[in-house]
Amino acid sequence: MKNKKHYTVKLALWTWSWVATLAIATFGPKFIWDDHVFLTVFAILVNLGNGILMILANKNLFNCLDELQRKIQLEALGITLGLAVIAGLSFSLLDQTNLITFDAEIGFLVGFIGITYMIALLINRKRYL
């Protein structure tokens, strides 16, 4: 249990670090360093590195889970991946064929993924626990 808490905290820290570096890479060129190419590329590379470290922290957390917890997580991930591909491609097609009046931005898909994962986790936890 102590290991699980330790790995959960590490994952949370890497996730927030990744979110912070994503915000810096997104808004820095416009509001901080006036489109300086080197700083923009550097910020993106730092964000990429943080993303990789976040993935490794997630892997470490999964490795300390018991079989039932892994099953719950993996089923939620599988459902989320399938729905993200189907919904993302459908959303993109709606944009390409001009059936929606706004652009299909990646942020909508990221939000959909987060919501889908949380709902799938809640359903799986209720089903198995």
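**Close-up views of a predicted model**

Asn-98 is exposed, with a relative accessible area of 63%. The structure shown in these views is a predicted model, and the legends below take its parts in turn.

**View B. The packing of helix 1 against helix 2**. Two packed helices are described by the angle between their axes and the distance between the axes. For helix 1 (residues 2–31) and helix 2 the angle is about 160°, and the axes lie 8 Å apart. That angle makes helix 1 roughly antiparallel to helix 2, since angles over 145 degrees are counted in this way. The crossing of helix 1 and helix 2 is left-handed.

**View C. A nonpolar surface patch that includes Val-41 and Leu-56**. The patch covers about 630 Å² and is made by Val-37, Val-41, Leu-45, Leu-48, Ile-52, Leu-53 and Leu-56. Val-41 is found in helix 2 (residues 37–64), and with a relative accessibility of 44% this residue counts as partly exposed. Leu-56 also has its place in helix 2 and, at 42% relative accessibility, counts as partly exposed. From Leu-56 to Leu-129 the separation is 73 residues in sequence and 27 Å in space, taken from C-alpha to C-alpha.

**View D. A salt-bridge network of Lys-71, Glu-75 and Arg-127**. Side chains of opposite charge can pair when their charged atoms come close, and the count in this model comes to 2 salt bridges. In one of them Glu-75 pairs with Lys-71, with the closest N and O atoms 3.0 Å apart; both residues lie in helix 3, 4 residues apart, which is about one turn of the helix. Arg-127 forms a salt bridge with Glu-75, and here the closest N and O atoms are 2.5 Å apart. Because Arg-127 lies in helix 4 and Glu-75 in helix 3, this pair ties together parts that are 52 residues apart in sequence. Through shared partners, the salt bridges join Lys-71, Glu-75 and Arg-127 into one network.

Conventions. Residues are numbered from 1 along each chain as its sequence is written. This is a predicted model: local features need pLDDT of at least 70, side-chain atom pairs count only at pLDDT 80 or more; totals for chains, interfaces and linings use all residues. Side-chain values use heavy atoms; hydrogens and water are left out. Patches are made of residues with over 30% relative accessible area and no salt bridge: like charges are joined within 9 Å, nonpolar side chains (Val, Leu, Ile, Met, Phe, Trp, Tyr) within 5 Å. Accessible areas come from the Shrake-Rupley method with a 1.4 Å probe; for residues, only the protein chains shown count as cover. A salt bridge is a side-chain nitrogen of Lys or Arg within 4 Å of a carboxyl oxygen of Asp or Glu. Helices (H or I, at least four residues) and strands (E, at least two) are DSSP runs, numbered from the N terminus. Buried means under 20% relative accessible area, exposed over 50%, partly exposed in between (1.4 Å probe, protein chains only). Axes are lines fitted to C-alpha atoms, for helices over the stretch in contact, and angles run from 0 to 180 degrees between N-to-C directions. Angles under 35 degrees count as roughly parallel, over 145 as roughly antiparallel, 65 to 115 as roughly perpendicular and the rest as oblique. A crossing is left-handed if the near helix is turned anticlockwise from the far one by less than a right angle, and right-handed if clockwise.
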